[in-house]
Amino acid sequence: AVGLTPPTVVAAPAGRSAGSSYRFNLSAQEGFLRHTYAAAVAPPATVVARFAIYFASLPTVNTTIFRSDDSFGNFGTISYVQSTGGLAAFVSGGSFGTSFVVSTGVWYLIDVKVVHDTTFTVDWKVQGVAQEQKSASKSSASATSFDIGQVSTGTTADFYIDDICVSGTSGDYPIGDGTVVGLYPNADGSHNYSAATDFDKDGDTHTALNANPA
């Protein structure tokens, strides 16, 4: 979580799923989830994503919701545009595309594909319907990370994001509707480990942590 206040995990609003979602309800500040890839997506990188968004109240200023960054500092986004009351695609250094007007109290399924190439493109869909593509001349680059949430300073909003799925494979676009399920163990089975050799600290040097294997 990045920002002064991390998002909260709460029950998803009715109509999406019985699971949990991330709630972003910060006042005049940013707060979002950032994932940095363990290995950058090789150039020319393609990043494909799918998420659902529900606005309890609309942002007060232009607000980036999803952002894909690359090794040259360029980025493509899906953003909320305050003047139009909708979501739109954006490429760094350019202008917003045509907005898809949104309302409060409705789940919207968003598919997006960002291509970090010499012709940098952002394609996206709402509820499976294609929206205006944005493009710009950039450099072929690797993708390094993505952000999702209130990715803009000075914004006040209240919205939920659910069922996030991200891929580095162009052919996965559009991912389409689906549910992300969080799994957790319901029991602690038998286990045996060495506090001296089973944990790494400072690279490859094994250091005893004095853990109690019981």
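**Chat about strands, rings and cores**

Me: Which way do β2 and β3 pair, and over how many bridges?
Reply: This is a predicted model, and in it strand β2 (residues 8-11) runs antiparallel to strand β3 (residues 20-24), with four bridges between them.

Me: Who stands opposite T8?
Reply: That's R23, in β3.

Me: What about β3 and β15, how many bridges there?
Reply: Three, and the pairing is antiparallel. One spot to look at is Y22, which has I161 in β15 as its bridge partner.

Me: Switching to rings. How many aromatic pairs are there?
Reply: The count is 11 aromatic pairs. Among them is Y54 with Y160, an edge-to-face pair at 5.8 Å centre to centre and 80 degrees between the planes.

Me: Are Y54 and Y160 buried or exposed?
Reply: Buried, both of them.

Me: And F90 with F96, what kind of pair is that?
Reply: Tilted, with 5.2 Å between centres and 45 degrees between the planes.

Me: Is F90 buried or exposed?
Reply: F90 is buried, at a relative accessible area of 17%. F96 comes out as partly exposed, with 30% relative accessibility.

Me: Which residues do ring pairs link into a cluster?
Reply: F24, F55, Y80 and F159 are linked that way.

Me: Where does the charged end of R67 sit?
Reply: Over the ring of F75, 3.8 Å from the ring centre.

Me: OK, the nonpolar core now. Which residues of the largest one touch the most other members?
Reply: I53, F66 and L87 do, out of the 32 residues in that core. Strand β5 gives this core its largest share, six residues.

Me: What is I53 in contact with, leaving aside its neighbours within four places in sequence?
Reply: Quite a list: I65, L87, V106, W107, Y108, I110, F159, Y160 and I161.

Conventions
Residues numbered from 1 in each chain as written. Predicted model: local features only at pLDDT ≥ 70, side-chain atom pairs only at ≥ 80, totals over all residues. Heavy atoms only, no water. Phe/Tyr/Trp six-rings, centres within 6.5 Å; stacked < 30°, edge-to-face > 60°. Buried < 20%, exposed > 50% of the residue type's maximum accessible area, 1.4 Å probe, protein only. Lys NZ or Arg CZ within 6 Å of the ring centre and 35° of its normal. Core = buried A, V, L, I, M, F, W, Y, C linked by side-chain atoms within 4.5 Å. Helix = DSSP H or I, 4+ residues; strand = E, 2+ residues; numbered from the N terminus. Contact = heavy atoms within 4.5 Å. Pairing = 2+ DSSP bridges.
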